[in-house]
Amino acid sequence: MRVSGKTVLVTGASQGIGAEAAFRFAGRGAHVHLVARSAELLDLQVKRIKEFGGSATAHVADLSDAAEIHALAESVPAPDVLVNNAGVGRWLFLDDTSADELQTMTAVPYLAALLLTREYLGAMRSRGSGWIVNVNSPVSRLPIPGCVGYQSSRWALRGLTASLRLDLRGTGVGISEVIPGKVSSEYFNNNPGAEERIPAIAKLIPTVTPEQCAKTIVDAVEKERAEHLFPWQLKAFELSGRLFPGLTSYLTWKTGTHR
């Protein structure tokens, strides 16, 4: 898909991967709708895009609220590209996680992606074109200890992607799943304690930047790629998990967090 002249909606676009993806789509000639909770941070990103000659609009919305998702869809027509990037959640043992926090982790990213995609899917199918990108986490492929709530939501997002891919075959609407390794974004600052729970064996996977993630997201749309895990070391670990599940699981547990 050529993104020049298209409309793109990016969630979680106030910082990190989402902000860089919006910037890159705008640089490729798309009009970008940036969605996040912080009006101040969104305005900074829109200003940045416009300073470089791009076109963008900010939309403040809490995607953990189904009513706000519906209101967003009412105010923004179905885009050519929908990037479900928003995600929150600390890495905790299940019994250390409050019920409210578990619901929030489930609401974003999973329910946010599910409900927002549902809002736009009918219009995309009717016109016979569109692309959806779900930005996921390595824990959707390689479970780690001490991360049950967050991890479960990411596996649900994986299931959503796989299910939709079958439903969309032959409709002209496509879907990609982009799974980066550890990203040098604000996530670990916003979720203290998570970085320390990364298993030691996973530290063999190089950290990637939000800019690298943005490039991969745009490439996935332009090249209509179904799935992209990166860097290659993450792909190797994912392959190991499929070929040698017992060994991979043991090493992840052995080098991971314990009580």
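**Helix α2 and its surroundings**

Analyst: Helix α2 (residues 39–51) has 13 residues and spans 18 Å from its first C-alpha to its last, close to the 18 Å expected at 1.5 Å a residue. The expected span is 1.5 Å times one less than the number of residues, and helices (H or I, at least four residues) and strands (E, at least two) are DSSP runs, numbered from the N terminus. This is a predicted model, in which local features need pLDDT of at least 70, side-chain atom pairs count only at pLDDT 80 or more, and totals for chains, interfaces and linings use all residues. Residues are numbered from 1 along each chain as its sequence is written, and side-chain values use heavy atoms, with hydrogens and water left out.

User: Which residues of α2 are buried?

Analyst: They are Leu42, Gln45, Val46 and Ile49. Buried means under 20% relative accessible area, exposed over 50%, and partly exposed in between (1.4 Å probe, protein chains only).

User: What covers them, and what is on the face turned away?

Analyst: The cover of the buried residues includes α1, β2 and β3 (55–60). The face turned away from the buried side carries the exposed residues Glu40, Lys47 and Glu51. After α2 comes Gly53, with a positive phi near 85 degrees.

User: Switching to β1: why is it described as largely enclosed?

Analyst: Strand β1 (residues 7–11) is largely enclosed by the rest of the structure because four of its five residues are buried.

User: Which strands does β1 pair with?

Analyst: β1 runs parallel to strand β2 (residues 31–36), to which five bridges join it, and Thr11 stands opposite Val35 in β2. β1 is also parallel to strand β4 (residues 81–84), with three bridges between them; there, Leu9 has Leu82 as its bridge partner. Two strands pair if DSSP finds at least two bridges between them.

User: What do β1, α1 and β2 make together?

Analyst: With helix α1 (residues 16–27) between them in the unit's name, β1 and β2 make a right-handed β-α-β unit. Right-handed means that, with the strands pointing away from the viewer, the path from the first strand over the helix to the second runs clockwise.

User: Now the packing. Which residues touch the most other members of the largest nonpolar core?

Analyst: Of its 32 residues, these are Val10, Phe25, Leu34, Val83, Val133 and Ile217. The largest share of this core, six residues, comes from α7. A nonpolar core is a set of buried Ala, Val, Leu, Ile, Met, Phe, Trp, Tyr and Cys residues joined through side-chain atoms within 4.5 Å.

User: What does Leu34 touch?

Analyst: Not counting residues up to four places away in sequence, the contacts (heavy atoms within 4.5 Å) of Leu34 include Val10, Ala22, Leu42, Val46, Ile49 and His59.

User: Where are the cis peptide bonds?

Analyst: One runs from Val108 to Pro109, with omega near 25 degrees, and Pro109 lies in helix α4 (residues 99–127). Another runs from Phe230 to Pro231, with omega near 0 degrees; Pro231 is in the loop between β7 (227–230) and α8 (232–243).

User: What is the phi of Glu224, and where does that residue lie?

Analyst: Glu224 is not a glycine, yet its phi is positive, about 55 degrees. Glu224 lies in the loop between α7 (210–222) and β7 and is partly exposed, with a relative accessible area of 45%.
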